[in-house]
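Please look over the sequence and the model below before reading on.

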Amino acid sequence: MNGAAVRLQRRMPRVLEGRRIVITRTREQAGDLARALEAHGAAVVLAPVIRIEPLPQLGPLRAALAGLSVYRWVVFTSQNAVQIVFDRLLAWGLGPRAFASTTVAAIGTATGEALTQRGVVPALVPDEFVGEALAEALGARGGLAGSRVLIPSAEDARDALATGLKKHGAVVDVVPVYRTVRADTDLTELAAELTSGTVDAVTFTASSTVRAFVDLVGRRAATSGRFAAVVIGPVTGGTARELGLADVIEAEPHTVAGLVDALVRRLT
């Protein structure tokens, strides 16, 4: 680490010093959030409650990618979808150039950055990072009536985006490419810490992390009300409230940076 970086680290206010914050997203995707929290002095507890599995049969995806020219838009709704699609592109002898015949949209800045890093710059990222807003933003571009839209998605993805696009007259092909499954993790110790009040906050970046968290720590610990549940957006927040979590705080904007800001506001 050079001298300038050391000085910058020293100047950063460690406003979360002594706070214990749990990250529930997959270990592979926890890095940015963990580093940001640690920079503010937090003690980070990694407790991945889900894992991502590509579907074993991806023939429909291969067929769609081989014929991308028939789609006006290809819409990515998660970084997971980006990773799996581009991994398969390489395995099948294709590459980012396959998207030259269509236009790409992303549900949020993180998904957009994942695309850009792989050589595909999205033409559209909505101001609000939820399916409904993305559908409206695409509809506002016009010309969706009769146009085909491809959505590589999670197996259990919400249908708000597809439903919204169909209302604008689009012909939507939703192609599941992965599933989210509960991690095989023993969180008995974490459950005890939650009920004893030694955890200050738990972060959630998707509804699937909320559901898996409740399953793994148990409803008593999850609904103890002894910690802040800080969620990345309204959909995840709705799931948290439905499952009985208390003190639910939504990030604004719906990004990792917004999540960190929400934690700082709540805990300082």
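The report below takes up a sheet, a helix and a loop residue in turn.

## Basis of the description

This is a predicted model, in which local features need pLDDT of at least 70 and side-chain atom pairs count only at pLDDT 80 or more, while totals for chains, interfaces and linings use all residues. Residues are numbered from 1 along each chain as its sequence is written, and side-chain values use heavy atoms, with hydrogens and water left out.

## The sheet

Five strands form an open sheet with parallel pairing in the order β2-β1-β8-β9-β10, where strands are DSSP runs of E with at least two residues and helices are runs of H or I with at least four, numbered from the N terminus, and two strands pair if DSSP finds at least two bridges between them. The edge strands, each pairing on one side only, are β2 (43–46) and β10. Between β9 and β10 there are three bridges in the parallel sense, and Ala-229 stands opposite Val-248 in β10.

## Helix α12

Helix α12 covers residues 256–267, twelve in number. Its buried residues (under 20% relative accessible area, with exposed over 50% and partly exposed in between, for a 1.4 Å probe and protein chains only) include Gly-258, Leu-259 and Val-260. Among the elements that cover the buried residues of α12 are β1 (20–23), α2 (31–39) and β8 (201–204), contact meaning heavy atoms within 4.5 Å.

## Glu-155

Glu-155 lies in the loop between β6 (148–154) and α7 (160–167) and is partly exposed, with a relative accessible area of 44%. Leaving aside residues up to four places away in sequence, Glu-155 touches Leu-55, Pro-176, Tyr-178 and Arg-179.

Conventions: The expected span of a helix is 1.5 Å times one less than its number of residues.
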